Amino acid sequence: MKSATLPPLRVAPELREAAESVLREGESLSGLMEKSLREEVNRRRLRSEFIARGLAVREEARRTGDYLDAAEVHAELGEMLAAAEAKAACKNRA
C-alpha cells in the first residue's frame, strides 16, 4: 500500500522545541506526530462508539420501559468501591 502525506503543520517555535525535547531515542518528530494522530483518531472512534452504545441503550430502555433506579446503581457502585478498598487495604497489610 502506498503511503499518503498529510498537510504541513505550522506551529509556534516553542511548540516545536517542546516536541523535540520529549523525543525518545531513535524517535523522529514525524514519528511522534504520526503516533499522536493515530492515538487521537482511536480516542475519537472509541468515544463515538461509546456514545452510540449509550444512545442505543437509552432507546432500548425507553422502548421496553426497563430502567434502573439511579439510587440503586449508586448503592451498588458504593458497595463495589468499598469491597475494592477493603481488598486493597488487606493487600497493603500483607
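The structure holds 8 salt bridges, and the model from which they are derived is a predicted one. Several of these contacts involve helix α2, which spans residues 29-64. This helix comprises 36 residues and reaches 52 Å from its first C-alpha to its last, close to the 52 Å expected at 1.5 Å a residue. Just after α2, glycine 65 adopts a positive phi of about 75°.

Within α2, the side chains of glutamate 34 and arginine 38 meet in a salt bridge with an N to O distance of 2.6 Å; the two residues are 4 residues apart in the helix and are therefore separated by about one helical turn. Arginine 38 is exposed, with a relative accessible area of 55%, whereas glutamate 34 is partly exposed at 42%. A salt bridge also joins glutamate 40 to arginine 44, whose closest N and O atoms are 2.8 Å apart, and this pair, too, lies in α2 with a separation of 4 residues, about one turn of the helix. Glutamate 40 is partly exposed at 28% relative accessible area, while arginine 44 is exposed at 56%.

The largest pocket has a volume of about 760 Å³ and is lined by 21 residues, of which Leu9, Leu29, Ser30, Met33 and Glu34 lie nearest its centre. The elements that give two or more residues to this lining are α1 (13-21) and α2, and the largest share, 10 residues, comes from α2.

Methods
Residues numbered from 1 in each chain as written. Predicted model: local features only at pLDDT ≥ 70, side-chain atom pairs only at ≥ 80, totals over all residues. Heavy atoms only, no water. Expected span 1.5 Å × (residues − 1). 1 Å grid on protein atoms, 1.4 Å probe; cavity = no way out; pocket = protein on both sides within 12 Å on 5 of 7 lines; lining within 4 Å. Points joined across faces, edges and corners; volume = space filled by probe spheres on them. Salt bridge = Lys/Arg side-chain N within 4 Å of Asp/Glu carboxyl O. Buried < 20%, exposed > 50% of the residue type's maximum accessible area, 1.4 Å probe, protein only.
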